[in-house]
Amino acid sequence: MSAVGAGPVLAAAIAPIAGGPTAAKSNADVPALPAGFPAKLNAKFAWTGSDFPTASDWALVLVPNDVAEINKAVRFYKSLDQDGDLVDPACFPLPTLGPKLSALSWDVHYGKGFCTVRGIDTAAYSIEDLMLVYLGIQSYIAEQRGRQDNRGNMLVHIVADNSTKDAAEHHRHSTKSITFHSEEAGDVVSWLTRGAAAAGGKCIIASAYTIYNVLAATRPDVIRTLARSDWPFALPRFQCRPVIFYQDSKLIMNFGRAALLGNEAHPRPSHLPSLTPRQVQALDAIEAVARATQMEIKTQAGDMHFINNLAILHRREGFVNGSDAAEKRHLVRMRLRSAQLGWRIPKELSHEWDKAFNKQGVKHWHLEPMPAFFFPLRSQPN
């Protein structure tokens with residue numbers, strides 16, 4: 001895609017970016033793209049939100065036969081009397097729906113990079129059965145499940161929480177909008193929507209491929225900045241590495257502003273190096289192009305989102321919860337990987353992937369939000 005071909009909205013967003021330090025230089029003076037990086041990415045990942053005008057372009061809407069098949073699979077799995085985290089296609093059979101989900105998996109990994117499965121009535125299931133439905137469907141998209149923190153939490157509950165100042169300022173529990181970012185680990189990031197807000201709270205995504213193409217055409221110096229290995233990430237551990245990678249003919253973008261700039265919940269340690277003006281400008285360029293080309297998904301209770309965390313950025317719109325329980329936003333997030341379709345991970349990111357997906361180590365599956373510090377209580381001995 002090009003800035004001109006994308007229309008006036010993108011052209012307006014690019015204008016201040018294109019008017020940056022390289023604008024007054026001749027073409028011969030503009031820095032070339034980094035070695036090995038292409039002038040343009042020709043892939044299905046390179047889209048704008050206007051490419052998907054209707055829900056049928058991005059959502060698999062379950063029909064009654066699909067739901068009946070899911071319910072039968074839930075009953076079958078429960079008859080096996082095994083732990084819920086062992087759900088996979090072999091023990092959660094979906095003979096008709098399964099091939100559709102497998103096609104979605106390919107689309108997430110090598111097509112447009114995202115999909116939504118819609119049509120589950122959350123009120124029709126207990127919390128335990130709803131999670132089995134989610135894990136069962138999910139296993140057809142990407143079967144490996146990753147830890148999301150050092151405590152071994154497999155499920156992250158994204159809910160509003162103003163019980164303390166720290167909680168209210170954390171992006172996971174705030175009602176404010178947040179900027180585009182990717183998760184620290186996971187080829188695929190997924191959410192089950194247990195409850196939608198009374199207003200706002202849209203899931204908003206943007207293509208890293210489109211962002212790259214726009215910047216490669218207008219500001220190749222920004223691409224060079226993003227590809228440098230001197231970005232001082234503070235989270236989840238201090239590490240200097242690039243924001244973008246190009247390997248195996250694939251672009252990978254991985255970053256978050258909190259890890260680079262800090263925020264109210266995660267102040268940046270003063271002893272760490274700060275970003276340079278060029279790096280801050282590069283982050284602003286990503287955000288500007290992403291917002292100009294973004295796609296908005298109005299989330300419904302029961303929605304299951306699957307997003308390629310390597311090629312697609314995501315953010316959240318600010319939201320307002322209602323007084324009724326059915327009008328309170330509650331997402332359950334997971335990090336996933338497919339053994340068959342997963343991408344090769346750059347060595348600079350492999351540490352976080354290994355921590356998430358290594359078979360060794362503790363795993364906690366809390367079906368409800370837990371306080372930051374807790375310990376298990378048993379009424380009966382083992």
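Salt bridges (a side-chain nitrogen of Lys or Arg within 4 Å of a carboxyl oxygen of Asp or Glu) number 20 in this structure. The model is a predicted one, with local features needing pLDDT of at least 70 and side-chain atom pairs counted only at pLDDT 80 or more, while totals for chains, interfaces and linings use all residues. Numbering runs from 1 along each chain as its sequence is written, and side-chain values use heavy atoms, with hydrogens and water left out.

One of these pairs is Asp 66 with Lys 100, whose closest N and O atoms sit 3.5 Å apart. Asp 66 belongs to helix α2 (residues 64-79) and Lys 100 to helix α3 (residues 97-110), so the pair ties together parts 34 residues apart in sequence. Helices here are DSSP runs of H or I, at least four residues, and strands are runs of E, at least two, numbered from the N terminus. Asp 66 is buried at 3% relative accessibility, whereas Lys 100, at 35%, is partly exposed; buried means under 20% relative accessible area, exposed over 50%, and partly exposed in between (1.4 Å probe, protein chains only).

Arg 237 and Glu 352 also meet in a salt bridge, at 3.3 Å from N to O. Arg 237 comes from the loop between β8 (231-233) and β9 (239-241) and Glu 352 from helix α10 (residues 350-357), so parts 115 residues apart in sequence are tied together.

Within helix α9 (residues 277-293), Glu 287 and Arg 291 lie four residues apart, about one turn of the helix, and pair at 2.7 Å.
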